[in-house]
Amino acid sequence: MKEIRIRFKKIGRAKYISHLDLTRTMIRAVRRAGIPVWYTEGFNRHPYVTFAAPLSLGFEGLNECMDTRLVEDMPMEEMVTRLNSVLPEGIEVIKASDPVMKPGDIAFAQYRLSFLKGKFKGIEGNIREFLARDSILVEKKTKKGDSKKIDLMPLLEKAAIETGDSAVMLEVTLPCSSTETVNPGLISAALNDFLTEKYGGENTLFCDITRRDLLNAEGLPFE
Amino acid sequence: MSYTLEDLFRLVQKPGRYTGGEMNSVVKDKEKVNIRFAFCFPDLYEVGMSHLGMKILYGLYNEVPDIWCERVFMPDTDMEELMRQNGIKLFGLESRDSIDTFDFIGFTMQYELSYTAALNMLDLAGLPLRSLERDSSHPIVIAGGPCVSNPEPIADFFDLFVLGEGEEVSLELFELYRRHKAAGFDRDKFLTEAAKIEGVYVPSLYEISYKDDGTIASVTPVNGAPAKVRKRIIEDLDRVYYPDRFVVPFIDIVHDRGMSEIFRGCVRGCRFCQAGFIYRPVREKSPEVIDAQSRALCENTGYEEFSLSSLSTSDYSQLETLLPRLLDWAEKQKTNISLPSLRVDGFSEELAARLNILRRSGLTFAPEAGTQRLRDAINKNLTEDEILSTARKAFSAGWTSVKLYFMSGLPTETMEDIEGIANLSQKIVDSFYKNPDKPKGKGVNVSVSVSCFVPKPFTPFQWEPQDTMEMLQEKQKHLRDSVKTKKISLKWHDAATSFLEGVFARGDRRLCAVLEEAFKRGCKRDAWGEHFNLQTWIDVMNDLGVDPAFYANRRREYDEILPWDHLDFGVSKKFLIRENQLAHQSRTTPNCRQSCSGCGAAVWKKGVCVE
Ligand code: SF4
């Protein structure tokens, strides 16, 4: 048996596939592609696939990670081609390779939050003002189900603002490990609250969130 | 602030219901197609996507280069509210274009309680509800499915109905449409011509008059429409199109698996079952064709499970040939074959073992009635001995639970028959404890589910009064009192929804106004339990002077003109009358394989009628 790491994009229409649904989608894709993967034992046997770091519904991912096991050899390029011919729009395999690191090595994830300029006047100035505050306190749900207050400010110190033609983008690196995870949705929600406080009314400012890559504790790309 | 459709996906529960983009969904270049078809299922995505008929027609239409068929489902309440607030019209999942610009809007009508959902979908599409209020600039709105065996209660909302199996007739309809579109489309001319296609019923071409007592006096065709519209059947199932791929949903749906159709129709003739009559005659696919189609389907979908689909799979004449063939490749590909409602016995030991029959999810029987007398009256060919002997075998093999399905309110039913439900269940419990091989240290559970019988058109019970809600409730109480042990758990279906179903199943055109008004007062999701509100319906009928009992609880005379008499589903009235009389004498009728009872479906000279 041979461990295989598959890296893929999940963009466009595919961003609304939940994590659970993605698992089922990939299992069926692996079957359609005729890849000789190992099946779990038991009554409901299915191809073994596992995802290192689940991606929230609605986020795009540019370098997501799925591990599986082969029971027979197949060239890496052939696996990529076969999978891509049977995957739905928005999911695209970039690479298949031998795993270098362990899934547990993932410590951070890089995200890009992009805010469309047309949706809110003066969005860039507002983001700068938002980031210039002393602290950004948000409620974060803990694994036990209750919530605690955390300050996002230390995490946003290195955040980079980039202005494109149609959108303002915020680049951040956030913890993403089995012990600590910060969802970038907390940032956009806090920004919404900030705008509501400042202007009143309801301001649902949608932002597109893209996970660009997964990093280990040293900040090196996960491989 | 107003939202775009893309914004809504971020706000609703389960956006996967609305985003499209699933594997095997078909996207075409809209500039290059001539006919755009919105296939509407008036229920949630999860329900509609489980429906085989939709998958067949979706595949068939999209095979035609100049047709683009898209899927449309009923949005859930959260999505509907956001769509209405933001002026977003009902759209096709594939293109996300509003369907009011399409050429056709086609609904499949599977149950009466989905009628208001269909109206809601027309409304969400921004279309006038009534056919008369639409013109040549609007899509042609059509419907098919089992409910159109009596489409009269929805006749005012649809431009035409397709009776019977749709594969051939819809293509003929599209061909006619192409010609009319090329020549400058005139809707009335098109509908008049369409009515000449066998299987197409254009309700606006029939004038109905009523007697003083409320029954129908006459049905008069106009503009050359035929006096009787006959349903269509596919003569050779081995040759008809079958999809080699299904759209594979992202989200979990009701039946998320491959489905292979193995035959149409049913030989049995259970008198309460509409499907057993309107799909006659039985026509089978050959094992070779089923095998090839199942295999292609599994390869193109990646499904880990597929089922054999029919009204009564154990009646397939070549099951012993088919199953080993399917198993040969399914076992290798680690694909499960799911066999609904199969008899546990009747298989060789080897085949039973390969099918894992005894590891399947549950032992289920549908005796439908509690006594042999009533089972004979409804022509349900299942004896107590058969049930008990199968249960004994299953208990010996380690099973501890049995599910039983019954109906209450069947014609000729008495309280004795209701007690029979409790008695039969008790005998199963007793046979468990008397069984020396029973699983050690375990109890038995017999779960009894009782639904309320609704008389349907084109069945021998089409003249029968439906039990009132009060009668059904009394029977329910009597059954509760008759059950003496906790080993038997009882589940009783809601009599109120069955009552409304009963009103519409045998209703006439005067109910269109009731539907429209109920929709306006908020009835949109009657099939979804929590949204059903009987009081609104009662109020609407009161306000419009419609007596629901006239439709549901009245016995009809054999010579009364029934609202669906100008439609022809193959079974003759003479046959249905004879069957009705036999029912009242508790006498059975043999199934089509034992001997032909001359039901009328032999006009097609196909399938079991000529075997
Ligand atoms: S004509 Fe005879 S064999 Fe054919 S469907 Fe009717 S009863 Fe069955």
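A polar contact is a pair of N or O atoms within 3.5 Å; within protein, one of the two must be able to donate a hydrogen and the other to accept it. By this criterion, the count between chain A and chain B of the predicted model is 15 residue pairs in polar contact, both residues being at pLDDT 80 or more. On the side of chain A that touches chain B, at least two residues each are supplied by helix 1 (19-33), helix 2 (76-86) and strand 10 (207-216) of chain A. Helix 1 of chain A gives the largest share of that side, 7 residues. By residue class, the side of chain A that touches chain B divides into 11 nonpolar, 5 polar and 12 charged residues.

The size of an interface is often given as the accessible area lost when the parts come together. For chain A and chain B, the buried area is about 2,800 Å², and carbon and sulfur atoms give 50% of it. Within chain A, the residues that lose the most area to chain B are R13(A), Y16(A) and R28(A), which together account for 28% of what that side buries. The contact takes 28 residues from chain A and 36 residues from chain B. Across this interface of chain A and chain B, 5 salt bridges are found. A salt bridge joins the side chains of R10(B) and D208(A), with an N to O distance of 2.7 Å.

Within chain B, the domain assignment gives domain 1 (5-230) and domain 2 (338-601). The C-alpha centres of domain 1 of chain B and domain 2 of chain B are 31 Å apart. Contact between these domains involves 47 residues of domain 1 of chain B and 39 residues of domain 2 of chain B. The area buried between domain 1 of chain B and domain 2 of chain B is about 3,700 Å², with 61% given by carbon and sulfur atoms. In domain 1 of chain B, the most area is lost to domain 2 of chain B by E112(B), L113(B) and T116(B), together 19% of what that side buries.

Polar and charged pairs also occur between the two domains of chain B. The interface of domain 1 of chain B and domain 2 of chain B holds 6 salt bridges, and K524(B) and E80(B) meet through their side chains in a salt bridge of 2.6 Å, N to O. Between domain 1 of chain B and domain 2 of chain B, 19 residue pairs are in polar contact, both residues at pLDDT 80 or more. Among the elements that give two or more residues to the side of domain 1 of chain B that touches domain 2 of chain B are helix 4 (77-85), helix 5 (115-124) and strand 7 (206-210) of chain B. The largest share of that side, 6 residues, comes from helix 5 of chain B. The residues of the side of domain 1 of chain B that touches domain 2 of chain B comprise 26 nonpolar, 9 polar and 12 charged.

Side chains of opposite charge can pair when their charged atoms come close. Over all chains, a search of the whole structure finds 74 salt bridges. In one of these, R36(B) pairs with E70(B), the closest N and O atoms being 2.8 Å apart. This pair links distant parts of the chain, with R36(B) in strand 1 (residues 35-41) and E70(B) in strand 2 (residues 67-73) of chain B, 34 residues apart. Both R36(B) and E70(B) are buried.

A further salt bridge connects E384(B) and K427(B), whose closest N and O atoms are 2.6 Å apart. Here E384(B) belongs to helix 13 (residues 384-396) and K427(B) to helix 14 (residues 415-434) of chain B, 43 residues apart. E384(B) is partly exposed because its relative accessible area is 23%, and K427(B), at 37% relative accessibility, also counts as partly exposed.

The side chains of D481(B) and K477(B) form a salt bridge of 3.1 Å, N to O. Because D481(B) and K477(B) are 4 residues apart in helix 15 (residues 469-482) of chain B, about one helical turn separates them. D481(B) is partly exposed, with a relative accessible area of 43%, whereas K477(B) counts as exposed at 54% relative accessibility. Salt bridges that share partners join K15(A), D208(A), E6(B), R10(B) and R96(B) into one network.

E261(B) lies in strand 10 (residues 258-261) of chain B. At 9% relative accessibility, E261(B) counts as buried. The side chain of E261(B) makes a polar contact of 2.8 Å with the side chain of R264(B). Apart from neighbours within four places in sequence, the residues in contact with E261(B) include L52(B), I56(B), Y242(B) and K285(B).

Conventions
Residues numbered from 1 in each chain as written. Chains lettered and ligands numbered in written order. Predicted model: local features only at pLDDT ≥ 70, side-chain atom pairs only at ≥ 80, totals over all residues. Heavy atoms only, no water. Buried < 20%, exposed > 50% of the residue type's maximum accessible area, 1.4 Å probe, protein only. Contact = heavy atoms within 4.5 Å. Domains from an automatic or database assignment. Buried area = accessible area lost by both parts, 1.4 Å probe. Salt bridge = Lys/Arg side-chain N within 4 Å of Asp/Glu carboxyl O. Nonpolar A, V, L, I, M, F, W, Y, C, P; charged D, E, K, R; others polar.
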